[in-house]
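The following exercises are to be worked through with the sequence and the model at hand. Each task is followed by a solution in steps.

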Amino acid sequence: MNLLCNNGIYVFDFNNMVIDELKARKDAIHIGTIDHSYPHCWRCDTPLIYRGISAWYVAVEKIRDKMVANNQKMNWVPSVIKEGRFGKWLENARDWNISRNRYW
C-alpha cells in the first residue's frame with residue numbers, strides 16, 4: 001500500500017509537518033486528537049487514505065424535470081415502476097459522478 005504524498009513524504013509524517021507550519025505561522029487555534037471510527041483495509045488492517053482526484057459528472061439536475069416529464073409518457077411494465085422506484089429516483093436525481101475510482 002502506497003502511503004506517500006505526491007512529494008514522497010509518508011502521509012502521517014506530513015500531518016505533523018502541517019501542524020508545525022500552522023504553529024510557526026500562528027494560524028493554529030487548537031491542536032488535538034479526536035478519536036473516531038476510521039475505515040481500514042479488511043485485508044491488512046491499515047488505515048485507508050482518501051486522495052482528492054479530478055472527477056467527471058453528468059449534470060443530471062439540469063435535465064431532471066425533462067426526465068420526469070418523459071417518464072410520464074412511458075408505458076412501464078409493470079406500471080408501478082413509473083411512480084415507484086424509478087419515478088422516485090428521477091424526482092430526486094442528483095448530478096452523477098461517472099468517474100469514480102476504487103482502491104482494491
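**Exercise 1.** Is Lys26 buried or exposed?

*Solution.* The model is a predicted one, in which local features need pLDDT of at least 70 and side-chain atom pairs count only at pLDDT 80 or more, while totals for chains, interfaces and linings use all residues. Residues are numbered from 1 along each chain as its sequence is written, and side-chain values use heavy atoms, with hydrogens and water left out.

Step 1. Apply the classes: buried is under 20% relative accessible area, exposed is over 50%, and partly exposed lies in between (1.4 Å probe, protein chains only).
Step 2. Lys26 has a relative accessible area of 74%, so Lys26 is exposed.
Step 3. Locate the residue: Lys26 lies in the loop between helix 1 and strand 1 (57-58). Helices (H or I, at least four residues) and strands (E, at least two) are DSSP runs, numbered from the N terminus.
Step 4. Inspect the backbone: Lys26 is not a glycine, yet has a positive phi of about 60 degrees. Asp45 is another non-glycine residue with a positive phi, near 60 degrees. Asp45 is in the loop between helix 1 and strand 1 and, with a relative accessible area of 58%, is exposed.

**Exercise 2.** Compare the span of helix 1 with its expected value.

*Solution.* Step 1. Helix 1 covers residues 11-24, which is 14 residues.
Step 1. The expected span is 1.5 Å times one less than the number of residues.
Step 2. From first to last C-alpha, helix 1 reaches 20 Å, close to the 20 Å expected.
Step 3. Consider confidence (pLDDT, the predictor's confidence in each residue, from 0 to 100). The lowest confidence is in helix 1, at a mean of 87, and the highest is in helix 2, at 94. For the protein chain, the mean pLDDT is 85, and 90% of the residues reach 70 or more.

**Exercise 3.** How many salt bridges does the structure hold?

*Solution.* Step 1. The criterion is a side-chain nitrogen of Lys or Arg within 4 Å of a carboxyl oxygen of Asp or Glu.
Step 1. The structure holds one salt bridge.
Step 2. Asp27 forms a salt bridge with Arg25, with 3.1 Å between the closest N and O atoms.
Step 3. Asp27 is partly exposed, because its relative accessible area is 42%, whereas Arg25, at 52% relative accessibility, counts as exposed.

**Exercise 4.** How many aromatic pairs does the rule count?

*Solution.* Step 1. Rings of Phe, Tyr and Trp (its six-membered ring) pair if their centres lie within 6.5 Å; planes under 30 degrees apart are stacked, over 60 edge-to-face, and the rest tilted.
Step 1. The count by this rule is two aromatic pairs. Trp76 and Phe86 form a tilted pair, 5.1 Å centre to centre with 45 degrees between the planes.
Step 2. This pair links distant parts of the chain, ten residues apart: Trp76 is in the loop between helix 2 and helix 3 (80-83), and Phe86 is in helix 4 (residues 85-91).
Step 3. Trp76 counts as partly exposed at 25% relative accessibility, as does Phe86 at 31%.
Step 4. Ring pairs join Trp76, Phe86 and Trp89 into a cluster.
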